[in-house]
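Okay, thanks everyone, let me get the model up on the screen. I'll walk through a few spots and then zoom out at the end.

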Amino acid sequence: MTNTTTTQTLELQQLINGQWNSATGEEALSFNPADPQEVVARYATATPETLEAAIAAGRAALADWDKTGILGRGRVLRRAAQLLEERAEDIAVLMTREQGKTLADSRGEVGATVETLYYQAGSARRADGVTYPSGNADELVRTIRRPVGVVGVITPWNFPLQIPAWKIAPALLWGNTVVWKSASDTPAVAVAFAQLMLDAGVPAGVLNLVLGPGSLGSRLVEHPGIAAVTFTGSVPVGHQIRERVVLRGAKLQMELGGHNAAIVMPDADVASAAAAIIAAAMSSTGQKCTATRRIIAVGDVHDRLLEALVPMVKALVSGPGTESESYMGPVISARARRDIEEALDTARSEGATVLAQGSMPADAPGHYVVPTLLGGTEVLSITREEVFGPIVTMMRVESLDEAIALANATDFGLTASVFTSDESAIRRCLNEVVAGLIKVNAPSTGSEVHAPFGGLRDSSFPAPREQNSDVAADFFTETKTAYIRVAPQGRAL
């Protein structure tokens, strides 16, 4: 795949042991969400035999990749970051074509991925263990990190470049090999990233990419040759993976859905709060696990906030991601559009009020949905069940106690935000709101490359944090403790 800016159909293959090979499974296609008649990529899906070959290649490559050393592996990741910078525009255009997000969003994702690769490359020079005092003066006690083995990586379509980098880069840095099952909706972006990693110097067998349906992922997580699984996706699939992986004793890391609340206190700066909430709820067409789904306005700030939000929502324009006037692109598929429209119909039938809506192309062929601000109460199912699109519900409560209780009234616990200058309210929210990431006077979306990220409750699985930061090493390594004592001096002859 040499030119990602082309509109012709790309012919994709599986990456096994450093070679691009055709599989023998059924033919699969990916489509342009802005023009569903346009086939972006075509490939033959991986078979069980393809997967076995990928895992065998990963196992065979482990020893030599380990011997490369962490500094050598870091240099490979640094080269990958440099190559991604060089190819940034082509890959961003491909991402918009295959995933549907605006070109600005795609460029932002590519840039964030570059930063992830540079960060992990730099992490090669951090301390790789801890020393402890010993009761013996001639003894050193220290920890040693070792790779877990072959890591199964399963990634979603909403961030088809950044989420794979979050997982693959630290996995490789710490000496593991990877079998990556990418999302079926965005295989071309996955192939472009895998090719980039090869060009950066990742040896044969260290990174293997298999393209196929969800059943392929099930086989991957069940396989005894996979020592650890890292997954980002839906809660139901996550529960299925947990049953398969935990029972066989492999390591598991999951980041799942979210139903994130924004609490707005009476003293909040309404204009900045409204802008942050719109960005968090509507950017990327609301197709983020961290997107704001519920606005909880405390007391009389409700009406002032609503007055600020309504014109902002009405000004939102959805359209092709390649057009500069489009604030958001289409959703990923016809099924996603149908699910969002059905959820909106259900909310109306349950008593929700449509407070404001943006616009979408009247006769365009793409999978467009109308950005919508709803009004209602916690009786609405949409206030508890995640809807992966640009719909946010506004609710009113009379106290911070009620706001915190309502924010916690879901099975999720991924992100949250609170808008206030009241230090007491901030501290209460930080302590009492159930979320793995909490923003104060900022959107619920976004995270720093060097800070831990992860959710609570059904938004995650109790394991070391998934992406970025030093704590990623806790998942991708096993720790040994070594007691190193000075050898006795031999007697002179």
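So, Ile 296 has Met 395 in strand 17 as its bridge partner. A quick word on what we're looking at: this is a predicted model, where local features need pLDDT of at least 70, side-chain atom pairs count only at pLDDT 80 or more, and totals for chains, interfaces and linings use all residues. Residues are numbered from 1 along each chain as its sequence is written, and side-chain values use heavy atoms, with hydrogens and water left out.

Back to that pair. Strand 14, residues 292–298, runs parallel to strand 17, with five bridges between them. For the terms: helices (H or I, at least four residues) and strands (E, at least two) are DSSP runs, numbered from the N terminus, and two strands pair if DSSP finds at least two bridges between them. Strand 16, residues 372–375, also pairs with strand 17 in the parallel sense, over four bridges. There, Leu 374 sits opposite Thr 393.

How covered is strand 17? Mostly: of the seven residues in 391–397, six are buried. Buried here is under 20% relative accessible area, exposed is over 50%, and partly exposed is in between, with a 1.4 Å probe and protein chains only.

Next, Lys 181, which is in strand 9, residues 177–181. Lys 181 is buried and yet has no salt bridge; a salt bridge would be a side-chain nitrogen of Lys or Arg within 4 Å of a carboxyl oxygen of Asp or Glu. How far away is the nearest side chain of opposite charge? That one is Asp 185, at 8.8 Å. On charges, Lys and Arg count as positive and Asp and Glu as negative, while His and the chain ends are not counted. What the Lys 181 side chain does reach is the backbone oxygen of Gly 212, at 2.9 Å. That's a polar contact: a pair of N or O atoms within 3.5 Å, where within protein one must be able to donate a hydrogen and the other to accept it, and residues adjacent in sequence count only if both atoms are side-chain atoms. Setting aside neighbours within four places in sequence, Lys 181 is in contact (heavy atoms within 4.5 Å) with residues including Val 153, Thr 155, Pro 213 and Leu 220.

The side chain of Asn 176 has two backbone partners to show you. A polar atom of that side chain lies 3.0 Å from the backbone nitrogen of Gly 149, and the side chain reaches the backbone oxygen of Ala 171 at 2.9 Å. Beyond four places in sequence, the contacts of Asn 176 include Leu 62, Trp 65, Val 206 and Phe 476.

Three strands make an open sheet in the order 6-7-20, with antiparallel pairing. Strands 6 (131–132) and 20 (477–485) are the edges and have a single partner strand each, so one side of each is left without a neighbour in the sheet. Strand 7, residues 139–147, is joined to strand 20 by nine bridges, and Arg 142 stands opposite Ala 482.

Ser 284 has phi near 55 degrees, a positive value in a non-glycine residue, and Ser 284 is in the loop between helix 9 (270–282) and strand 14. Asn 441 also has a positive phi, near 55 degrees. Buried or partly exposed: which is Asn 441? At 45% relative accessibility, Asn 441 counts as partly exposed, whereas Ser 284, at 8%, counts as buried.

Zooming out: the protein has 14 helices and 20 strands, and 56% of its 493 residues count as buried.
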